Amino acid sequence: MIGRRDLLKSVAGLGASLAGIGYASRATAQGDEPEGRIAFVKDGDVWVWSSEDGTSVIVEDGQAMDPTWEPDSDYLLYVRDGGSYSNLIMANTRTGRTRRL
């Protein structure tokens with residue numbers, strides 16, 4: 001079974017080669033296990049996997065793609081595909097509010 005630390009290291013090593021996945025990590029005070037979160041798109045909605053909370057839907061958009069985390073914050077940026085146009089959207093993961101940029 002793969003451990004949480006190994007999973008986070010594997011994902012961090014893949015970096016930008018994975019389309020549609022945003023990764024953020026913070027070291028704990030003791031430096032033991034990193035806290036991490038991975039944003040990904042499933043069926044056009046933005047989901048997040050967290051080392052503390054597991055998996056949950058963050059944004060139910062239906063047209064989302066390419067999520068990425070704002071460094072050291074609870075904001076997530078993603079692209080909303082409108083067919084003939086695209087919008088950059090900022091979502092607050094604590095409140096669920098979104099804003100088109």
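# Close-up views of a predicted model

**View 1. Asp-74, a partly exposed residue.** Let's start with Asp-74, which has a relative accessibility of 22% and so counts as partly exposed. Here buried means under 20% relative accessible area, exposed means over 50%, and partly exposed is in between (1.4 Å probe, protein chains only). This is a predicted model, so local features need pLDDT of at least 70 and side-chain atom pairs count only at pLDDT 80 or more, while totals for chains, interfaces and linings use all residues. Residues are numbered from 1 along each chain as its sequence is written, and side-chain values use heavy atoms, with hydrogens and water left out.

View 2. Side chains of opposite charge can pair when their charged atoms come close. A salt bridge here is a side-chain nitrogen of Lys or Arg within 4 Å of a carboxyl oxygen of Asp or Glu, and the model has three of them. One of these joins Asp-74 to Arg-37, with 3.8 Å between the closest N and O atoms. Asp-74 sits in the loop between strand S5 (64-69) and strand S6 (75-81), while Arg-37 belongs to strand S2 (residues 35-42), so this pair ties together parts that are 37 residues apart in sequence. Strands (E, at least two residues) and helices (H or I, at least four) are DSSP runs, numbered from the N terminus. Arg-94 also meets Asp-74 in a salt bridge, at 2.4 Å from N to O. Arg-94 comes from the loop between strand S7 (86-92) and strand S8 (98-100), and Asp-74 from the loop between S5 and S6, so parts 20 residues apart in sequence are tied together. Put together, Arg-37, Asp-74 and Arg-94 make up a network of salt bridges.

**View 3. Asp-61 reaches Arg-80.** In this salt bridge, the closest N and O atoms of Asp-61 and Arg-80 are 2.6 Å apart. Distant parts of the chain are linked by the pair: Asp-61 is in the loop between strand S4 (54-59) and S5, and Arg-80 is in strand S6, 19 residues apart. Arg-80 counts as partly exposed, at 23% relative accessibility. Arg-80 is also the bridge partner of Ala-64 in the strand pairing.

**View 4. The sheet of S5, S6, S7 and S8.** Strands of a sheet pair through backbone hydrogen bonds, either parallel or antiparallel. In this open sheet, four strands run in the order S5-S6-S7-S8 with antiparallel pairing. S5 and S8 are the edge strands, each with a single partner, so one side of each has no neighbour in the sheet. On average, neighbouring strands are turned by 25° against each other, direction ignored; axes are lines fitted to C-alpha atoms (for helices, over the stretch in contact), and angles run from 0 to 180 degrees between N-to-C directions. Two strands pair if DSSP finds at least two bridges between them. S5 and S6 have four bridges, and S6 and S7 have seven, with Leu-76 partnered by Ala-91 in S7. Five residues lie between the strands in the hairpin of S5 and S6, where Asp-72 takes a positive phi near 50°.

**View 5. The hairpin of S3 and S4.** Three residues join S3 to S4 in a hairpin. The two strands pair in the antiparallel sense over five bridges, and Val-46 stands opposite Val-59 in S4. Strand S3 (residues 45-50) is mostly covered, with five of its six residues buried.

**View 6. The largest nonpolar core.** In soluble globular proteins, nonpolar side chains tend to be buried together. A nonpolar core here is a set of buried Ala, Val, Leu, Ile, Met, Phe, Trp, Tyr and Cys residues joined through side-chain atoms within 4.5 Å. How many residues does the largest one have? There are ten, including Val-46, Val-59, Trp-69, Tyr-78 and Ile-89. S3, S5, S6 and S7 each supply at least two residues of this core. Leaving aside neighbours within four places in sequence, Tyr-78 has contacts (heavy atoms within 4.5 Å) with residues including Val-46, Met-65, Pro-67, Leu-88 and Thr-98.

**View 7. A word on confidence.** pLDDT is the predictor's confidence in each residue, from 0 to 100. The protein's mean pLDDT is 76, and 65% of its residues reach 70 or more. Over residues 7-19 the pLDDT is below 50, and this stretch has ten contacts in the model beyond near neighbours in sequence. Where pLDDT is low, the predicted coordinates should not be read in detail.
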